[in-house]
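The sequence and structure are shown first.

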Amino acid sequence: MSSQLPATARETTASTPWPVRVLSMKIGDYVEKMSPLWVEGQIVQLNRRPGMSTAFLTLRDPDVDMSLSVAIPTGALDAMPSPPQQGARVVVHAKPTFWAKRGTLQLEARQMRHVGVGELLARLEHLKQLLRSEGLFEPDRKRLLPFLPRRVGLITGRATAAERDVLAGVARRWPAAQVEVRQVAVQGTETVAQVTAALRELDAMAEVEVIVVARGGGSFEDLLPFSNETLVRAAAATRTPVVSAIGHESDTPLLDFVADLRASTPTHAAAAVVPDVADELRGLVTVRRRSRRAIATRIRSERERLEALLSRPVMTDRAAIITRHRDEVTDLVQRGRGRLAERLVRERDRSHQLLRHLRAVSPQHTLERGYAVVRHADGSIVRDREEVDAAELLRVTVARGDFAVRPVAG
């Protein structure tokens, strides 16, 4: 029967499948061919029982939620300079193995080493230069914090001093401000995933106008999650301004460089995101006092200017300017009337001359001098004797009327 099974996974079908045992053996054979390798991760769980020659731990990727089970001889742990603790970053030399009976993959470790601080610093410096080259640290990317946010987002540990400091600072400085708190892991393997998720959740809330990420001080290893590339890029991608309040003044996780504002302490963060109501009230009183003083000064200045204007001679006798302008208007009216009369006389004389000229050249004037106009019966004027027929009846127009005539042969 086994000889009839497909030789490869590609050859299997619904009618000729592989049994589970065959698939398990195939996977085991494939994994067995893998060479030993070095792998880096963070210890999540470490189970070492007295009297046992083998210890078991879970090695998790510090950036994503992926982990592998590791079995390591206790002698290899004892050979390390310092005992590994949960949350420590380590590199493990191991051989992948597959347990066919349970269908699980496990690493059979042979050596384990701590990731040195110097190596971590070198990696952080490389990441820092990469992010800087992408422009994520540029000052022109920094957004101004809102002057008076109605709702502040806070990402911090559960029941921590950082949470109390921020909440107390906001309540003391501006009691009307509301704080949307997201309590997350701020140390250990869950930090990156939980802080990143909280950042995205608060950024999606339209009413949250600024986000504070706060954590108290800690060791270099404790603050490493806040230099994680995934978390840092998530903070850089938010539309909401981000305030970083991680560690103390000397601590500089990469989150500080992409944040819109770096606060040295959680208390400083609270002071940065909301104004002090007492200071604002004092400032308001000062502004009102200065405004009253400025208005009083302006009124006094305008009153003095008005009094100076009223003291001028023209304002003393207010009718004088009206009288002067009345005289000017009267004079202009009289001059206008005189010029208009002269123009009328000239135009009247000119019209008389034109009328005499028209009369002199008019046909009526010629008729009055004894001339007549002779026309044919059709009304055309007779200009030549040859045009007149002896039997034709002609019409003669004189100065005062017309009459008919017949020509006489001469």
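The sections below describe the sheet, the nonpolar cores and a surface patch of this predicted model.

## Sheet

Five strands, paired in parallel, make up an open sheet with the order E7-E6-E8-E9-E10. Its edges are formed by strand E7 (178-183) and strand E10 (261-262), each of which pairs on one side only.

Strand E9 (residues 242-246) runs parallel to E10 and is joined to E10 by two bridges. Across this pair, Arg262 in E10 stands opposite Ser244.

## Nonpolar cores

The largest nonpolar core comprises 33 residues, and the most contacts inside this core belong to Ile155, Val213, Phe226, Leu255 and Val258. At least two core residues are supplied by each of helix H3 (117-133), helix H5 (191-203), strand E8 (210-215), helix H6 (229-236), E9 and helix H7 (255-258). H5 provides the largest share, with five residues.

Beyond its neighbours within four places in sequence, Phe226 is in contact with residues including Val186, Val195, Val213, Leu231, Val232, Ile246, Leu254 and Leu255. Thr191, Arg215 and Pro253 are also among the contacts of Phe226.

## Surface patch

On the surface, a nonpolar patch is formed by Leu306, Leu309, Leu310 and Met315, which together have about 310 Å² of accessible area. Helix H9 (residues 277-310) contributes the largest share of this patch, three residues. Leu306 is located in helix H9.

Terms used
Residues numbered from 1 in each chain as written. Predicted model: local features only at pLDDT ≥ 70, side-chain atom pairs only at ≥ 80, totals over all residues. Heavy atoms only, no water. Pairing = 2+ DSSP bridges. Helix = DSSP H or I, 4+ residues; strand = E, 2+ residues; numbered from the N terminus. Core = buried A, V, L, I, M, F, W, Y, C linked by side-chain atoms within 4.5 Å. Buried < 20%, exposed > 50% of the residue type's maximum accessible area, 1.4 Å probe, protein only. Contact = heavy atoms within 4.5 Å. Patch = residues over 30% accessible without salt bridge, like charges linked within 9 Å, V, L, I, M, F, W, Y side chains within 5 Å. Areas by Shrake-Rupley, 256 points an atom, 1.4 Å probe, with all protein chains shown as cover. Salt bridge = Lys/Arg side-chain N within 4 Å of Asp/Glu carboxyl O.
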